[in-house]
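Thanks, everyone. I have one structure to go through, and I will keep it brief.

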Amino acid sequence: MLVEASPVTYLKRGQPPMLLVHGKADTGVPWKQSERFCLAARRVEVACEMQLIDGAPHGVENWENELRFQVWKAPTVAWLRRVLRLK
């Protein structure tokens, strides 16, 4: 049952690139889980990158009122432009 619930179970070659944005103060889902997921994706040749946001809790919806957490936005747009080959 737990194996079926894990997203790692469904990683396979040919999936689109992934960007994981994770708060380092997330107490609901430790950021190390994203790190392990990204490494597992790379093992099956799926491009995966991570952005870790210092001090940020779980969920970008909780970051909007904190200017120090806004650092994820510009790199995310740059990643999307690069991956989607936009100018």
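Predicted model: local features only at pLDDT ≥ 70, side-chain atom pairs only at ≥ 80, totals over all residues.

M18 stands opposite C48, which belongs to strand β2. How does the chain cross from β1 to β2? It goes through helix α2, residues 31-43, and this β-α-β crossover is right-handed.

Stay with C48 for the next point. Which residue does a disulfide join to C48? It is C38, with an S to S distance of 2.2 Å. C38 sits in helix α2 and C48 in strand β2, so the pair, 10 residues apart, links distant parts of the chain. As a reminder, a disulfide is a covalent bond between the sulfur atoms of two cysteines. The structure holds 1 disulfide. Are its cysteines buried or exposed? Both C38 and C48 are buried. On handedness: the torsion about the S-S bond of C38 and C48 is about -120°, so this disulfide is left-handed.

To recap this part, C48 stands opposite M18 and is also joined to C38 by the disulfide.

Which residues make the nonpolar patch? They are L80, L84 and L86, and the patch covers about 280 Å². L80 is found in helix α3, residues 73-84. Why is L80 called partly exposed? Its relative accessible area is 37%, and partly exposed means between the 20% limit for buried and the 50% limit for exposed.

That is what I have.

Notes: Residues numbered from 1 in each chain as written. Heavy atoms only, no water. Patch = residues over 30% accessible without salt bridge, like charges linked within 9 Å, V, L, I, M, F, W, Y side chains within 5 Å. Areas by Shrake-Rupley, 256 points an atom, 1.4 Å probe, with all protein chains shown as cover. Salt bridge = Lys/Arg side-chain N within 4 Å of Asp/Glu carboxyl O. Helix = DSSP H or I, 4+ residues; strand = E, 2+ residues; numbered from the N terminus. Buried < 20%, exposed > 50% of the residue type's maximum accessible area, 1.4 Å probe, protein only. Pairing = 2+ DSSP bridges. Right-handed = clockwise from strand over helix to strand, strands pointing away. Disulfide = S-S within 2.5 Å.
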